[in-house]
Structures are given as structure tokens and as C-alpha cells.
Amino acid sequence: VPRRESGMTAYEVMLSESQERMLVIVKPPHEDDVRKLFEHWELHCVTIGVVTEDGMVRIRDGDEEVVCVKATHLTEAPTYTRDGIKPQWLDELQRYDFAQMPPVTDPAATLLQLLASPEIASKRVVWRQYDHQVGTNTVVGPGSDAAVIRIKGTQKALAVCTDGNAAYTYLDPYTGGAIAVAEAARNVACTGAKPVAMTNCLNFGNPEKPEVYYQLSEAIRGMADAARALGIPVVSGNVSLYNETNGDAIWPTPVVGMVGILDDATRAVPMGFRREGDAVFIAGAAPSLGDLAGAQYLRTMYGITAGAPRIDVDAERRLQAFLREAADAGLLASAHDVSSGGLAVAVAECAMASGIGAEIALDGDAVAYFGETQSRVVVTCAAGNVAALTAAIERNDIAFSHAGFVGGDRLRLGAIDLAVSALREPYEAGLPHALEGVTANA
């Protein structure tokens, strides 16, 4: 085993967490082929051992055998199951009566305030620190539902994203876990890709506490059920536990990374409105009062995190099937999911992504503008594709409305009438403003 320092013990060599290192198991006839591949990319490689058939793991330091242990001892990890207890305060939060909420009096001003909130605001300040054009393979860059990366030498591309909403999991760990999987898959599907695999990072408090163990186990159960229903295997994952300050746990936060495959990179669907005159459709169930549960609108405007979030995973499956079918047929000009901030934020993001406005009919209250209904998307198509797109939506048994048209330099959504340029200022400034004065060790 190569090492940078002399005098390292076998114990230090085997347990050191060296970065940018990989262990590769190579079929014997191809050892030279693999070595040449590493050398082509100017990467050092060396043969350090051989797979045996006796079920023993042996490690030698020079001529001395320092480890000899059964492989099963390393793979049969001890497990234990604790008793989780649903927190008493959770029942009260889930029973919250949204009917007592005051009506939204100025949807336009509310939208601008939501666009400036750190959770919704542009993350450009983060992703612009990295060169996302390395290798000239980027088809759809960061800031969209999912990034799309071309696979050189083929027509295919990968769509990748990460998603997680701690508020949903805080209010209902099972449903929050399911939504984390569904939204990540939905974002990949919005590009036209088929979700094929997921990974995750589970961020929770101390699982030795019954209430935290309840959150952890229920979130995992929700994620597993959603992954099974959507046919997406979990290929890896990690945990970050015992996250507490003065005994108070962080909100339970499952984060999902999703990857999908596009058979034809040229058919990747962008988030932003594309052409003047395109028709705007809203596909998915209409919002109801319960869709304010955990909504950014309540948290930003009133400091309230309450309610019981919900998702119909079968409806999610049908929606994603429609997105892939419509993309494959070349019917979609754009697609974007309704998530944090509701429909108003979703269409604002579509307008900002392209600089083109839209006129969309909407008659309703705060729920219509800002309710975070799951399994819902905003899609556009050329006027000549309206009939075909409508048929595709109906084939997949999805509720929808033909809500308006793309065009102009203003976003007109019900009572909201704002220049697209006016949306960008709070959206781009929101996160830098929130981070002013913040240091890494604060």
C-alpha cells in the first residue's frame, strides 16, 4: 500500500481515511487494461492484494501477518431496535386549524418576500464558486429542477439533483421522508429523465432519545415506501446523528440525491419558459387548505410551522410517467415542479429562468398562490401541441388546467402583476443578505 510517510504502522495504514482514493477489484485478464486506463488519466495505481476463497481476511506488514479474521466478522454488524415514541406536541401541531389564517391581502408583495427567503432564494452564491462547465458536458446547469450532464460518445445524459424539506419531516416524519424521495424524483422527471437510483443523507438528533428515534425510523419507513412505489433503488447513503445544541435536536432532515437517465440529451426539458405564445398547463391536483402544512408562506409571513403534510404516491407515479412520456414525444417546452412557495413561486422561477413573462388565470386565496400541493407541475408547450399534451395528461389520469400563455416581460398571475426584472432583485439578493456577517465558526 503506497504511503506518504515512512514508519506508519499497519494499524495506521488500514484505518487512515485518505481522500480521493478508490479500491478496485479487477478480473485477472484485465489487470493490465485497468492499469493503462489509470495511467492514461495520470492516476497512480498499484496492486495490493488478491481475492481468496477461504473466507479469511489477511493483512501482512512485510513478512509478518498482522491480521487474520473471518470476513463475516466484518460484514455481520450488530443491530438493535429501540422503542420510538411519537412526541405529544406533534399531535397538536398536526391538528392546526388553517381556517383561522387571515386572507392574503397583497399576493404580489408576499411573493417578493418569499423569493427573498433563504430557503427559496437563488443559490447562485453557492454554485457559482464551482466550475459547472468542466468537460463541456453540461446541458442544463445548476439552478434548475435538476442538472443535466451529457455522456460523451453517446446520445444519453444524466439528470441529477438533491432535495430535502425539514419542515415536512418535522411535522410528519413518515410523510416527510416520502416527500423527500418523491420530490427528488419529480425534479429529475421534469427534465424528461427516468429516475433510476437514489442516495441519501439522514440528519437527525440523538437516536437514543425515544422521540428522535421515532423521527428517524418513521422517516426511513416513508422513504423506503416511496422508493418502492416509484421503483427507485437506494444504492448508497449515510447518516449524521446526534446533532443537538444544548440538548435540543435539529429538525429531522432526510436529504435525497437522485440520478436519472435521458436517452436523448437533445430532448432535455428546461425549467424556464421558452417561447412567446406557448401554452401554460398546471398538471396535478388543485390545492386544498391542508397544503399549507409546513409551507414556506406560513413560516415566512407568520413564523408558523404546523399542519400535517400529505402526498399521494400513486398520483406522483402517474405524474412522473406523464412527464417522461411528454418529453420523449417532444411535447414539452418547459417543466417545473410546484414545491416551496407554491404555484406563485414556481411560475416566478420559470419566468426568471428565461426572462419571459406569462399571463396565467388564478382565482383564489393564499392556498391557491402559496399552497405546496405535492405531485403538481407547471408545463408549457407550443400552441400546436396543446391537443397532444392534453391527451397525454388524460392518459395518465392527471387533473389539469390550461391556465394561460407565455409572453411579455411581466408575470401576471391572478392578482399578481410584476415585471420579471422586479422578481430577480429579491430572488438573487436573498441568500447573500441572509449570510451577511455569518462566519464558518459562528
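In what order do the 7 strands of the open sheet stand? The order is E12-E14-E11-E15-E13-E16-E17, and the pairing is mixed. Strands and helices here are DSSP runs numbered from the N terminus (strands E, at least two residues; helices H or I, at least four), and two strands pair if DSSP finds at least two bridges between them.

The model is predicted: local features need pLDDT of at least 70, side-chain atom pairs count only at pLDDT 80 or more, and totals for chains, interfaces and linings use all residues. Residues are numbered from 1 along each chain as its sequence is written, and side-chain values use heavy atoms, with hydrogens and water left out.

Select 334-337 and 416-419, strands E12 and E17: these are the edges of the sheet, each with a single partner strand, so one side of each has no neighbour in the sheet. From one strand to the next, the twist averages 20° (axes are lines fitted to C-alpha atoms, for helices over the stretch in contact; angles run from 0 to 180 degrees between N-to-C directions).

Next, select E13 (358-360) and E16 (410-413), which pair in the parallel sense over 3 bridges. Glu359 has Arg412 of E16 as its bridge partner.

Finally, select Ile25, in the loop between helix H1 (10-15) and helix H2 (31-40). Ile25 counts as exposed because its relative accessibility is 64% (exposed: over 50% relative accessible area, 1.4 Å probe, protein chains only).

Definitions and conventions:
Buried < 20%, exposed > 50% of the residue type's maximum accessible area, 1.4 Å probe, protein only.
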